[in-house]
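Please keep the sequence and the structure in view while reading.

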Amino acid sequence: MVGGSVPVFDEVILSTALMNQVISFHDMSGTLVCQAGCVLEDLSRHVEERGFVMPLDLGAKGSCHIGGNVATNAGGLRFLRYGSLHGTVLGLEAVLADGTVLNCLSTLRKDNTGYDLKQLFIGSEGTLGVITAVSILCPPKPRAVSVAFLGCPGFSEVLQTFSTCKGLLGEILSAYEFMDAECMWLVTRHLRLTSPVQESPFYVLIETSGSRAGHDAEKLNDFLEQVLSSGLVTDGTVATDHMKVKALWALRERISEALSRDGYVYKYDLSLPTERLYDLVTDLRARLGPRAKHVVGYGHLGDGNLHLNVTSEAFSPSVLGALEPYVYEWTAEQQGSVSAEHGLGFKKRGVLGYSKPPEALHLMQQLKALLDPKGILNPYKTLPAQA
Ligand code: MLT
Ligand code: ZN
């Protein structure tokens, strides 16, 4: 997404792939302790067999490592329900630049003793230390999961459907994702997926996770009746069967893959006030005109997170010039974030200043100098190049 793990100049690449052991799992609390190289999907399977789920899930689950997830503070599809890794990671072990092993691999829910050092490493993209093990709190596996895939006639209806959803499904709501018609075109065209609903300007995917299937179905039906009869939703389908649920999620999860088959992709991952989230997409379509192949908006609407992606036949300096710094300025004017969940890596490190004041940037630089005086940990990433 941002080149956070991509070597660019003279780096030595370090892989934790062989550190792939689960160290312990506590059946009562749901606390998992494991090495950094465990693949997220393997961990999901491990805890699901024991009646729990990982608090994070993302499209790359089959290949991404938990150490990388924590180092990049990955957001993903369960954020709305279980929150950020800053809350669910209970402890970690990291190797510092001088070789010191920092053992903060606590499994305690509460530990108010001094600075919470693990937080420094969560989202630091490997620039302050190498995470070698983590302990993470897994919630109980929901007994009933349903997914509704709906078509909405406009973005205002997507927002109103979200409000209705929070009101009627509140405690069982576990995801509220949206995608526009161009995203649907891309996944059907490039990946040969089939849309389960009539063509619409917008689509939303709603997931509920609860403890009683009958109770959840009743609530979901009430909600659907309301949004369909009021015209907020024009067509929809619901799945509870595991394979059908997976197929509906694929439409949303695989947008990124479909985009990569469309041409050169300019990727932006923004936090914006939810009600203005789509204005930027519409604005850019007009601004770029025929220079862009597609300008699409999708993402974790429930978290106020827009994935704005633009494709063109090949890389074009003129398209880039029309996008940047415009997108960042637009975001800063809304007090948004220029990286909601993808981090800064190599590509976005220069734009940190749009989301953080100079004092915060300065303190980050001081922390980096303290923990990595020789600049050997993921160099050229996260922080702007020093003048
Ligand atoms: C997603 O939510 O699909 C990813 O975070 C964004 C992307 O892959 O572009
Ligand atoms: Zn995302």
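A residue is called buried when its relative accessible area is under 20%, exposed when that area is over 50%, and partly exposed in between (1.4 Å probe, protein chains only). The model is predicted: local features need pLDDT of at least 70, side-chain atom pairs count only at pLDDT 80 or more, and totals for chains, interfaces and linings use all residues. Residues are numbered from 1 along each chain as its sequence is written, chains are lettered from A and ligands numbered from 1 in the order in which they are written, and side-chain values use heavy atoms, with hydrogens and water left out.

**Helix 6**

Helices (H or I, at least four residues) and strands (E, at least two) are DSSP runs, numbered from the N terminus. The buried residues of helix 6 are Phe-155, Val-158, Leu-159, Thr-161, Phe-162, Thr-164, Cys-165 and Leu-169. An α-helix has 3.6 residues a turn, so residues three or four places apart point the same way. Contact means heavy atoms within 4.5 Å; the buried residues of helix 6 pack against strand 6 (144-152), strand 7 (173-180), strand 8 (202-210) and helix 8 (213-229).

Which residues surround ligand 1? With near meaning that a heavy atom of the residue lies within 4 Å, they are Met-1, Arg-252, Ser-256, Lys-267, Tyr-298, His-300, His-307, Glu-341 and His-342. A polar contact is a pair of N or O atoms within 3.5 Å; within protein, one must be able to donate a hydrogen and the other to accept it, and residues adjacent in sequence count only if both atoms are side-chain atoms. The table lists distances from a polar side-chain atom to an oxygen atom of ligand 1.

| Residue | Distance to an oxygen atom of ligand 1 |
|---|---|
| Lys-267 | 3.1 Å |
| Tyr-298 | 2.6 Å |
| His-307 | 3.1 Å |

The protein covers 86% of the 270 Å² of accessible area that ligand 1 has on its own (Shrake-Rupley method, 1.4 Å probe; for residues, only the protein chains shown count as cover).

His-300 (NE2), His-307 (NE2) and Glu-341 (OE) coordinate the zinc ion (ligand 2) at 1.9 to 2.1 Å. Donors are N, O and S atoms within 2.8 Å of the metal (3.2 Å for Na, K and Ca); water is not among the atoms, so sites may look incomplete. The spacing of the donor residues in sequence is H-x6-H-x33-E. His-307 lies in strand 12 (residues 305-312) and Glu-341 in the loop between helix 13 (326-333) and helix 14 (358-371), so the pair ties together parts that are 34 residues apart in sequence. His-307 is buried at 4% relative accessible area, and Glu-341 is buried at 14%.

Gly-345 is in the loop between helix 13 and helix 14 and is buried, with a relative accessible area of 0%. Not counting residues up to four places away in sequence, Gly-345 touches residues including Glu-125 and Thr-382.

Most residues other than glycine have a negative phi, and most peptide bonds are trans. Glu-125, however, has a positive phi of about 55°, and Thr-382 has a positive phi of about 70°. Glu-125 is buried at 7%, and Thr-382 is buried at 10%. A cis peptide bond, with omega about 10°, joins Glu-324 and Pro-325.
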